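Good morning, and thank you for coming.

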Amino acid sequence: MREYIGRAKVGEISYEELAEIERCALPGPGSCSMMGTANTMSCIAEAMGMSLTGCGTSHATSSEKVRIARKSGLRIIQKAITNATAVAMALGGSTNMALHIPAIAHERGLDFPLELLDRISRNTPHLCDIRPSGKYPMSSLEEAGGIPAVMKELEGTLELEVLTVTGRTMGENIQKAQVLDRDVIRPISNPVHPEGSLAILKGNLAPNGAVVKQAGVHEKMMIHRGPARTFNSMEAAVDALMDDKVKGGEVMVIRYEGPKGGPGMREMHMVTSLLMGLGLGDKVALVTDGRFSGSTRGPCIGHISPEAAEGGPIALVEEGDIIEVDIPKRTLRLLVSDGELSRRAEHFTPIKKEARGALRRYSLLAESADKGAVLSEEL
């Protein structure tokens, strides 16, 4: 729906058509029928063994969903989390898993660094052609065999002896699973992409890491170099797009939207949708210390750590600085000398956004995005 706003602005559809699309956009309850964050995490829960088999893709209005919800329990161990990450990479899952999975591991007292997530992605092919970057809705994944079928395809790489809430191992749960539609769930020998959905980038702009959904990036934007356009909020970036002030070849930099800086790490959903709707999805890159909606596609790099509010290098970017993105090499670089960055840092004072109540307390205690944006144990 947000992308259609951009398309209406550039004249691809009329405002009457936009209004009609809006009236038809929400046919019923449940999350968007694509591999957005809600469905990514639902599928991860099933692959982790936290929910009963079939829960990840059962429909919101189905009696099966109610039955599974009543019977599901909780059991989290390291191998289960690794399994779930591999499944999410094969599904084409959302960038938000790079927050949720480390945070789940943290609650269990386990360490799950971004390097491990990236290693799993490199070793797991993207098998499922699901929206928003693919062509099939979530209902097609259910009809093709659901998460058990995906895990059956991946069983040679998974830890199948882990226990689940069924009382059986994951291997036993998926023993009879079958792939029923090879267009929706591809074989490992013919994947949608040879690597999983996410890539972790590092470099002098993101020393502790950043995340991109490489499965949704146009081939010509996998490597990109361009001048920076800097914005200190999502709203400022939206205004620039709507005023046609962002041009092809540039790199939008949205900062002070991280866990501490936002505070709360908002989704940059309006910016990413407008980029696609305005036809800039294969022309303009975006880097931010904020995060994205699961519906995001295009060259959008988020979770930059350290964030601007903590004095991370993203805070030191100036208009016109050249930024280089190389997703295959997993690098994100600001082409400014170390000496110049040190000079800028000497005169730098982070912006403090006003916040009250829970958000203020969160801003004081939040860890960085590469740690899952969890609350610090140190008071």
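Let me begin with the residue classes: Ala, Val, Leu, Ile, Met, Phe, Trp, Tyr, Cys and Pro count as nonpolar, Asp, Glu, Lys and Arg as charged, and the others, Gly among them, as polar. This is a predicted model, in which local features need pLDDT of at least 70 and side-chain atom pairs count only at pLDDT 80 or more, while totals for chains, interfaces and linings use all residues. Residues are numbered from 1 along each chain as its sequence is written, and side-chain values use heavy atoms, with hydrogens and water left out.

First, the cavities. A cavity is a set of points, on a 1 Å grid over the protein atoms alone, where a 1.4 Å probe fits but cannot get out; its lining residues have an atom within 4 Å of a point. Grid points are joined across faces, edges and corners, and a volume is the space filled by probe spheres set on the points. The structure holds three cavities of 30 Å³ or more. The largest cavity has a volume of about 60 Å³, and its lining has five nonpolar, five polar and one charged residues. Among the residues that line the largest cavity are Glu46, Pro148 and Asn173.

I turn now to the packing. Helices (H or I, at least four residues) and strands (E, at least two) are DSSP runs, numbered from the N terminus. Buried means under 20% relative accessible area, exposed over 50%, and partly exposed in between, with a 1.4 Å probe and protein chains only. A nonpolar core is a set of buried Ala, Val, Leu, Ile, Met, Phe, Trp, Tyr and Cys residues joined through side-chain atoms within 4.5 Å. Which residues touch the most other members of the largest nonpolar core? Of its 48 residues, they are Leu91, Leu141 and Val150. Helix H5 gives the most to this core, with nine residues. A second, separate core of 30 residues includes Val212 and Tyr256.

In helix H7, the buried residues include Leu114, Asp118 and Ile120. The buried residues of H7 pack against H5, H6, E1 and E2. Threonine 124 lies in the loop between H7 (114-122) and H8 (138-143), and it counts as buried because its relative accessibility is 5%. Contact means heavy atoms within 4.5 Å; neighbours within four places in sequence aside, threonine 124 is in contact with residues including Ala86, Leu154 and Glu195.

Finally, the salt bridges. A salt bridge is a side-chain nitrogen of Lys or Arg within 4 Å of a carboxyl oxygen of Asp or Glu. The structure holds 28 of them. In one, the side chains of arginine 330 and glutamate 195 meet at 2.9 Å, N to O. This pair links distant parts of the chain, 135 residues apart. Is arginine 330 buried or exposed? Arginine 330 is buried, because its relative accessible area is 7%, whereas glutamate 195 is partly exposed at 22%. In another salt bridge, glutamate 3 meets arginine 297 at 2.6 Å, N to O. Lastly, Glu318, Asp321, Glu340, Arg343 and Arg344 are linked in a network of salt bridges.

Conventions: 1 Å grid on protein atoms, 1.4 Å probe; cavity = no way out; pocket = protein on both sides within 12 Å on 5 of 7 lines; lining within 4 Å.
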